[in-house]
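Thank you for making time this morning.

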Amino acid sequence: MAEPTLDTLHIERCARAYEAGYSTVSNRRAADIMRELAAERDKLAAMIRKLESAYDVVCAGRSQAAYDQMIADGQADALLELDNARREARATLS
């Protein structure tokens with residue numbers, strides 16, 4: 001039998017079944033899934049750090065006049081969203 005796709009919906013169904021007292025996967029498979037999820041988490045954390053670093057480089061190279069021009073050009077909302085996303089990313093990494 002083919003292994004089910006490891007997606008969020010599948011994991012959620014398995015978690016609910018487990019909480020209800022049903023064993024839906026072997027302990028070995030559960031450990032494998034946890035390792036896969038941990039590896040994916042580490043990969044995503046590294047990508048967030050890389051984005052954060054790149055953004056820092058861009059900000060350091062941008063003059064105040066360039067920043068002010070971006071706001072004047074109607075990009076204030078986009079800049080605010082980017083700052084909020086950075087704040088959430090940093091909170092996630094902490």
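Let me begin with burial: a residue is called buried when its relative accessible area is under 20%, exposed when that area is over 50%, and partly exposed in between, with a 1.4 Å probe and protein chains only. What you see is a predicted model, in which local features need pLDDT of at least 70 and side-chain atom pairs count only at pLDDT 80 or more, while totals for chains, interfaces and linings use all residues. Residues are numbered from 1 along each chain as its sequence is written, and side-chain values use heavy atoms, with hydrogens and water left out.

With that in place, please look at R86, which has a relative accessible area of 15% and is therefore buried. R86 belongs to helix α3, which covers residues 64-93; helices here are DSSP runs of H or I with at least four residues, strands are runs of E with at least two, and both are numbered from the N terminus. Which residues does R86 touch, once residues up to four places away in sequence are set aside? They are E52, Y55 and D56, where contact means heavy atoms within 4.5 Å.

One of these contacts is also a salt bridge, the term for a side-chain nitrogen of Lys or Arg within 4 Å of a carboxyl oxygen of Asp or Glu. The side chains of R86 and D56 meet in this way, at 2.5 Å from N to O. Because R86 lies in helix α3 and D56 in helix α2, the pair ties together parts that are 30 residues apart in sequence. D56, at 39% relative accessibility, counts as partly exposed.

A second bridge joins the side chains of E52 and R90, with 2.9 Å from N to O. This pair also links distant parts of the chain, since E52 sits in helix α2 (residues 27-61) and R90 in helix α3, 38 residues apart. E52 is buried at 15% relative accessibility, whereas R90, at 38%, is partly exposed. Through salt bridges that share partners, E52, D56, R86 and R90 are joined into one network.

How many salt bridges does a search of the whole structure find? There are six, and another of them pairs R41 with D42, whose closest N and O atoms are 3.0 Å apart. Here R41 is exposed, with a relative accessible area of 52%, and D42 is partly exposed at 44%.

Turning to helix α2 as a whole, we find 35 residues and a reach of 51 Å from the first C-alpha to the last, close to the 51 Å expected at 1.5 Å a residue; that expected span is 1.5 Å times one less than the number of residues. The buried residues of α2 are R29, I33, A45, E52 and Y55, and what covers them includes α3. R29, for its part, counts as buried at 18% relative accessibility, and its C-alpha is 48 Å from that of Q75, a residue 46 places away in sequence.

Finally, let us return to helix α3, where L79 is found. L79 is buried, with a relative accessible area of 6%, and touches R62, Y67, M70 and I71, not counting residues up to four places away in sequence. Between L79 and L44 there are 23 Å from C-alpha to C-alpha, and the two are 35 residues apart in sequence.
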